[in-house]
Amino acid sequence: MLTIHHLGISQSDRIIWLCEELGIDYVLQKYDRDPATGAAPAAYKALTPFGTAPVIAHDALVLGESGAIIEYIIHRLGGGRLALTPSDAAYPDYLFWLHFANSSLMSALMVEMIIPAIEPANPDIAEALRGRGNRAFGLVEQRLSDAPYFAGNEFTAADIIMAFPLTTMRLFVPREIAAYPKLKAYLAKIVERPAFKRALAVGDPGLKPAID
């Protein structure tokens, strides 16, 4: 049996959504953030050596890291669905956006969280760091101008992993997206997927996705 250790309003939302898209049965173990600090509770941090969300348990295996979990579930439990194979023409696009989500986009947004603290003393550095996020969102807008989904014409796991920094992460790092009309249209489409709605109702009921 697959258990999703779900930290509220976190990257583990991705894993619930993935399982809903694939029709995979799972048990949800929910954890609340500390109301004072917003941090994960000690019980969640103890699940893996790095102590961050998401985390799954499958039989004797305990696994962390969004990308690793997504690939594990797709290939061990999902019959390869929502992934592209090396023979697909769009495979390089699939790989790029699957890894861009956390390697570049999430890291740029995490850095933006500390910009207010360093900007007064280091305005040039702050501006350079802010530019990384601007370039990332510009790249996203260009991609969605060229294709309906990140991997091309098909909805894939690349869309699932990209959605968190484009929506929920903006609750932590506010970013106006009025200048990105293709992104806004894409997000409005994504949140209407039945599996997305089911995942939200299960994982974070009452949470309003940041799509504007």
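Trainee: Which residues of strand E3 are buried, and on which sides?
Mentor: In this predicted model, strand E3 (residues 55-58) is covered on both faces. Val55 and Ala57 are buried on one side, and Ile56 and His58 are buried on the other.

Trainee: Why two sides within one strand?
Mentor: Side chains in a regular strand alternate between the two faces of the sheet.

Trainee: How many bridges join E1 to E3?
Mentor: Strand E1 (residues 2-7) is joined to E3 by four bridges, and the two run antiparallel. Histidine 5 has valine 55 in E3 as its bridge partner.

Trainee: And what is the sense of the pairing between E3 and E4?
Mentor: E3 and strand E4 (residues 61-64) are paired in the antiparallel sense, over four bridges. Leucine 61 in E4 is the bridge partner of histidine 58.

Trainee: What about the hairpin of E3 and E4: which residue there takes a positive phi?
Mentor: Aspartate 59 does, with a phi near 55°; the hairpin has two residues between the strands.

Trainee: Changing topic, how many residues of H1 are buried?
Mentor: Helix H1 (residues 13-22) is mostly covered, with 10 of its 10 residues buried. Among them are Asp13, Trp17, Glu20 and Glu21. Just after H1, glycine 23 takes a positive phi of about 70°.

Trainee: Which residues does threonine 168 touch?
Mentor: Leaving aside residues up to four places away in sequence, threonine 168 touches Ile9, Asp13 and Ala163. Threonine 168 is found in the loop between helix H7 (157-166) and helix H8 (169-172).

Trainee: Why does threonine 168 count as buried?
Mentor: Its relative accessibility is 9%, and buried means under 20%.

Trainee: On to charges: how many salt bridges does the structure hold?
Mentor: There are six. In one of them, arginine 198 pairs with glutamate 20, with the closest N and O atoms 2.9 Å apart. Arginine 198 lies in helix H10 (residues 194-203) and glutamate 20 in helix H1, so the pair ties together parts that are 178 residues apart in sequence.

Trainee: Is glutamate 20 buried or exposed?
Mentor: Glutamate 20 is buried at 17% relative accessible area, whereas arginine 198 is partly exposed at 40%.

Trainee: Which residue forms a salt bridge with glutamate 21?
Mentor: Arginine 193 does, the closest N and O atoms being 2.8 Å apart. Glutamate 21 is in helix H1 and arginine 193 in the loop between helix H9 (181-190) and H10, 172 residues apart.

Key: Residues are numbered from 1 along each chain as its sequence is written. This is a predicted model: local features need pLDDT of at least 70, side-chain atom pairs count only at pLDDT 80 or more; totals for chains, interfaces and linings use all residues. Side-chain values use heavy atoms; hydrogens and water are left out. Buried means under 20% relative accessible area, exposed over 50%, partly exposed in between (1.4 Å probe, protein chains only). Contact means heavy atoms within 4.5 Å. Two strands pair if DSSP finds at least two bridges between them. A salt bridge is a side-chain nitrogen of Lys or Arg within 4 Å of a carboxyl oxygen of Asp or Glu.
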